[in-house]
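Thank you all for coming; I would like to walk you through one structure, going from the overall fold to a single residue. Please have the sequence and the model open while I speak.

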Amino acid sequence: MQFTLPELDAAAELVHRHMAPTPQYAWPQLAARTGAEVWVKHENHGPIGAFKARGAITFIDWLKRAHPDCPGIITATRGNHGQAQARAATRAGLRAVVYVPRGNSVEKNAAMRAFGADLREHGEDFDAAKDEAMRVATSEGLFPVPPFHRELVRGVATYGLEFFRAAPPLDAVYVPIGCGSGICGVIAARDALGLSFEAIGVVAETAPGAKLSVEAGRPVATNSAATFADGMAVRVPVAEALAIYGPGAARIVTVSETGIAEAVRSYFADTHNVAEGAGAAGLAALMSERDRMAGKRVGLILSGGNIDSGKFAAILTGETPLP
């Protein structure tokens, strides 16, 4: 899945009609902490606090053109994808049915409902909720939005265009991996711009499916994906995404739950930005590779900023939340 630069520029023009570009800053305290020059792309400053807003804009625009009689969409999420799809779909006059697993983030659920989602709970994890959403799509006459699609990635890649054009040349960019649209968007923007930095994927130790899949050269599902970084809590890797980040990423780094919690605290202490677990995972990986990355110019993607208040309070007191 490759994109030409004009294709991505057209996506950016569309995205920017619905949201402003997000900022990127070099933070000196993060530099002191990691030994690298650290540039942060603040997708937590977008309209849902995560990069998923971009992919939803381009996907719903495509859906309205390709399927003009479609009454609405159905999808599954742990939160940010669902907020994005509900926001874009309802603004376009469509229904938005969103499945989440039982026990999902209370505050993300509330945000999805506020954006107009018909929220339904099913199963014990994301993959079970996804399977159910895809199963009932036909009977409800709704278009099933998969976790990975060309039009989603085209929109997501616009944050890479903004970042890589605004920041100085980067040596490496750390990107968390859930279903894979984030890192695939980074790779797509990098390649379209003719850049050569290392794209480094990040997974939780307790949800290592993407890393295992890259090592095996095929999708490898795990029995569980129990991490408080719910944006990375995926048991079954997406084959289409693996086909891109497998060859396109320099390596995949695993981070511990305590390392992710430490990174959430570090973001708040050093930049006073709130990061959810997946949003802080890139910083956790950089901190774990401090010696390897010393003196380099490194990009981090802070997406998203949607962590439940109770978990954030616990992390600030030094705790590591349970999944």
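For a protein of 323 residues, a compact globule would have a radius of gyration near 20 Å, and the value of 18 Å found here agrees with that; the radius is taken over C-alpha atoms, and the globule rule is 2.2 Å times the number of residues to the power 0.38. This is a predicted model, in which local features need pLDDT of at least 70 and side-chain atom pairs count only at pLDDT 80 or more, while totals for chains, interfaces and linings use all residues. Residues are numbered from 1 along each chain as its sequence is written, and side-chain values use heavy atoms, with hydrogens and water left out.

Along the principal axes, the C-alpha atoms fill a box of roughly 55 × 45 × 40 Å. The protein has 14 helices and 10 strands, which are DSSP runs (H or I, at least four residues, for helices; E, at least two, for strands), numbered from the N terminus. Of the 323 residues, 59% count as buried, meaning under 20% relative accessible area with a 1.4 Å probe, protein chains only.

Turning to one helix, α7 covers residues 150–166, and because 14 of its 17 residues are buried, α7 is largely enclosed by the rest of the structure.

Leaving aside neighbours within four places in sequence, S181 is in contact with F51, K52, F148, V153 and V156, where contact means heavy atoms within 4.5 Å.

How values were computed:
Buried means under 20% relative accessible area, exposed over 50%, partly exposed in between (1.4 Å probe, protein chains only). The expected span of a helix is 1.5 Å times one less than its number of residues.
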